[in-house]
Amino acid sequence: MTLYENWKNKIKDDSDKVTYTEFVQKYYSLEEAAYKKIFEAYPIKISGKFSELSNTFGFGDEHVIFTGFLDGINESIEKPLDLETLDVDSEISLNINYEKLFWNMHEAKADWLYNLSEWDNVIPLQERNEIAKKFRTSKIVHSEKIGRNDPCTCGSGKKYKNCCLNK
């Protein structure tokens, strides 16, 4: 079984709630620490062997959790990784698009990540606020609801309330 398959199975298996909660909390803790290291090292390019990067970012031998971290950041890197083929000897290059990463953290509702003070080293506050505003705006639903007194969409020329509303 590949590291990615192990990750997917581990994150889906919530049969033992206590073990699952401990696993998720450990993941979140390691994830936050890894992002802090990435932001503190900005703009250094991140590349190396899977096992080396796992150690560098504080995951150590927690290769399944590091795979989950890579799964989470994968959409935010310029050349996404083929997660299915990863093993401890795989060469990895994380050319991160930081604006996209910030957006994706909002998408994931990961406020503990997009509110990290270490973002100050990467994207200025004003720009982060603009990205957050665009994100919120993109989630606003606009409906073209027909009002009762609007012309009917069937083309009859009647008001909607006197035409198709009563059908």
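**Close-up views of the predicted model**

**Figure 1. The covered helix α4.** In α4, the buried residues are His63, Ile65, Phe66, Thr67, Gly68, Phe69, Leu70 and Ile73. The helix spans residues 63-73 and is mostly covered, with eight of its 11 residues buried. The partners against which these buried residues pack are α1, α2, α3 (50-56), β2 (91-94) and α5. As in the other views, the coordinates come from a predicted model.

**Figure 2. The whole chain, for orientation.** The protein has seven helices and two strands. Read from the N terminus, the order of elements is α-α-β-α-α-β-α-α-α. The radius of gyration is 23 Å, well over the 15 Å that the globule rule gives for 167 residues, so the protein is more spread out than a compact globule. The C-alpha trace spans about 70 × 40 × 30 Å along the principal axes. Buried residues make up 35% of the 167. The accessible surface is about 10600 Å², and carbon and sulfur atoms account for 48% of that area. Of the contacts between residues at least 6 apart in sequence, 55% join residues at least 24 apart.

**Figure 3. The contact of α1 with α2.** Helix α1 covers residues 3-12 and helix α2 covers residues 17-41; their axes come within 9 Å and cross at roughly 125°. At that angle α1 is oblique to α2. On the α1 side the contact involves Trp7, Lys10 and Ile11, and on the α2 side Tyr20, Phe23, Val24 and Tyr27. Sorted by class, this contact holds six nonpolar residues, no polar residues and one charged residue. In an α-helix there are 3.6 residues a turn, so residues three or four places apart point the same way.

**Figure 4. Tyr4 in helix α1.** Tyr4 is part of helix α1. The relative accessible area of Tyr4 is 13%, which is under the 20% limit, so the residue counts as buried. Apart from neighbours within four places in sequence, Tyr4 is in contact with Thr67, Asp71, Leu83 and Glu84. One of these partners, Thr67, is among the buried residues of α4. Cys163 is 159 residues away from Tyr4 in sequence, and the C-alpha atoms of the two are 57 Å apart in space.

**Figure 5. Ser15 in the loop between α1 and α2.** Ser15 belongs to the loop that joins α1 and α2. With a relative accessible area of 65%, Ser15 is exposed. Between Ser15 and Asp71 there are 22 Å from C-alpha to C-alpha and a sequence separation of 56 residues.

Figure 6. Tyr42 and Pro43 are joined by a cis peptide bond, with omega at about 10°. Pro43 sits in the loop between α2 and β1 (46-49). Most residues other than glycine have a negative phi, and most peptide bonds are trans.

**Figure 7. Lys109 and its positive phi.** Lys109 is not a glycine, yet its phi has a positive value, near 55°. The residue lies in the loop between α5 (98-107) and α6 (111-114). The relative accessible area of Lys109 is 65%, over the 50% limit, so Lys109 counts as exposed.

**Figure 8. Gly157 in the segment after α7.** Gly157 is located in the segment that follows α7 (125-138). Its relative accessibility is 70%, and Gly157 therefore counts as exposed. Gln126 is 31 residues from Gly157 along the chain, and their C-alpha atoms are separated by 50 Å.

Methods. Residues numbered from 1 in each chain as written. Predicted model: local features only at pLDDT ≥ 70, side-chain atom pairs only at ≥ 80, totals over all residues. Heavy atoms only, no water. Axes fitted to C-alpha atoms, helices over the stretch in contact; angles between N-to-C directions. Helix = DSSP H or I, 4+ residues; strand = E, 2+ residues; numbered from the N terminus. Parallel < 35°, antiparallel > 145°, perpendicular 65-115°, else oblique. Contact = heavy atoms within 4.5 Å. Nonpolar A, V, L, I, M, F, W, Y, C, P; charged D, E, K, R; others polar. Rg over C-alpha atoms; globule rule 2.2 N^0.38 Å. Buried < 20%, exposed > 50% of the residue type's maximum accessible area, 1.4 Å probe, protein only. Areas by Shrake-Rupley, 256 points an atom, 1.4 Å probe, with all protein chains shown as cover.
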